[in-house]
Amino acid sequence: MELLHAIALGSKDAERLLVEKYYKNLFFILRSQTQDNSLSEDICQETFLKVIEKARSKEIRNPEAIGAFIRQTGINILIEHKRSIARRKTYSSDTIDQHEHLKQSSTLHHIHSAKLVEITQQIIRELPTERDRTILHDFFLQGIEKKVICQQQGVSAAHFDRVLFRARQRLKQALAIKLNVPPGECNLYHILSTLLTYVCLSQWMKIYGSYSERLF
Amino acid sequence: MYDLDDPEVQQNFAHRYIHNLLEADEQVAFEEYLMEHPKLIDAIETDKLLARGLSLVETTTSKQTGIQRSSWLGWLLAGASVAYLSMFAIGSLPLQTKQLDGIDRVVYIDDIRSADPVQKRILLSSRSEKMVLMLSTDLGQAGPFNIKISQLDSGDLVAETKNAKQTETNDIVILLNTELFSPGKYQLTTKDSSSQVQTTTIIEFVDEKGEQ
């Protein structure tokens, strides 16, 4: 992988690009497992420090699987954290303060319950039949699998996909309007992660910068 | 091992990932795939948001259409795979889940994550009401939560609960009886046991004339 090669040659830009490419993905996975933004961010930072150190010293054996390597490094750090957390009785208040702004800026927090209810009610109203409403309910709330729902409701897979596609599209459109994003950029990942990414990267680069200064 | 480029397989994995139904090896494979396919994260975030919205709508609709408690509670239990609701009683009032005979009101308090105290005005009717407080918490708050409601001026504790858990949509569901309260301001303190982060919200109860 060219990025790793460039990092081994000392390119700071390549290091930044590596973080930009994988940070959000790793953060999402860690947050899914921890439900904790601050912890996920800490582990992300530690992960990338380790990965870049290994990339500099050419210790990454399979560059083609760098994504998997970053994920596994992050998971290992998370496991180690879980092992050690019993020994740690309290969090330092400095750590909490340091990441407070990240908590406030992260993704779904912007969507208040009342507004989300309003948007969802609109989506439901637009569904043509009770059966379609049942499909959404069973899939998203009950966690029933697609093939089971199709069988129960007597609908084709194509119809099921259409119902979900419309609901997802309407949600994205409504959010785009609420967040004042141009229709052409109506991508939930883009909308919800832009601010988060900016904050994460700023935070990481700040910490990484001071770390590098100490290292060299 | 898994053809995650196949849209059907991808959708099936994403759905089961959201509901924590993947086997260990499937989860590893899917997360490795996510590392290289960030657009799939968009789909998962969208679905989580839709699930949260539908969950909230069902709560609201149950009240508006006068669905009896059996249906309401049935939904709560049935939805446990998606929205793990921790229903609990506060104080010594008989507000155990099984004893509910209907919910009169749902009050959303979205701002407990805020560092600044905010005021939420809640109208007290002349009769006793069973009220659900939905507290939207920060995704970074893992819980469980210790919650106290006390009178603002005197500091007298009115209600308390420990180890309240979040729903999957990051809401804390609190059942209250309005008999606990008289017109005036109350302090609602939520403390995340895992992070030790504490947030405070001011709730103001007003009587039907809008006066304290």
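**From the chains to the core**

Modeller: Among contacts in chain B between residues at least 6 apart in sequence, 73% join residues at least 24 apart. Two residues are in contact if their C-beta atoms, placed from the backbone, lie within 7 Å. For chain A, counted over residues at least 6 apart, the share joining residues at least 24 apart is 62%. This is a predicted model: local features need pLDDT of at least 70, side-chain atom pairs count only at pLDDT 80 or more, and totals for chains, interfaces and linings use all residues. Residues are numbered from 1 along each chain as its sequence is written, while chains are lettered from A and ligands numbered from 1 in the order in which they are written.

Chain A has 11 helices and zero strands. Chain B has four helices and eight strands. Helices (H or I, at least four residues) and strands (E, at least two) are DSSP runs, numbered from the N terminus. In chain B the order from the N terminus is α-α-α-α-β-β-β-β-β-β-β-β. Of its 212 residues, 36% count as buried. In chain A, 34% of the 216 residues are buried. Buried calls for 20 or more other C-beta atoms within 10 Å of a residue's own, exposed for 12 or fewer, and partly exposed lies in between; C-beta atoms are placed from the backbone.

Now the spot itself. A:Leu30 sits in helix 2 of chain A. It counts as buried because it has 25 C-beta neighbours inside 10 Å. Which residues touch A:Leu30, leaving aside its neighbours within four places in sequence? They are A:Ser40, A:Ile43, A:Cys44, A:Gly74 and A:Leu78. A:Ile43 is 13 residues from A:Leu30 in sequence, and their C-alpha atoms are 8.1 Å apart.

The axes of helices 2 and 4 of chain A come within 10 Å and cross at roughly 35°. Axes are lines fitted to C-alpha atoms, for helices over the stretch in contact, and angles run from 0 to 180 degrees between N-to-C directions. The crossing is right-handed: the near helix is turned clockwise from the far one by less than a right angle.

Step back to the core. The largest nonpolar core has 31 residues. Such a core is a set of buried Ala, Val, Leu, Ile, Met, Phe, Trp, Tyr and Cys residues joined through C-beta atoms within 7 Å. A:Leu30 is among those with the most contacts inside it, with A:Tyr22, A:Leu26, A:Cys44, A:Ile70 and B:Leu34. Two or more residues each come from helices 1 (2–8), 2 (12–34), 3 (37–56) and 4 (66–85) of chain A. Helices 1 (7–18), 2 (24–36) and 3 (38–64) of chain B do likewise. Helix 2 of chain A gives the largest share, 10 residues. Another core, of 22 residues, lies apart; it includes A:Ile119, A:Ala167, B:Leu49 and B:Ala51.
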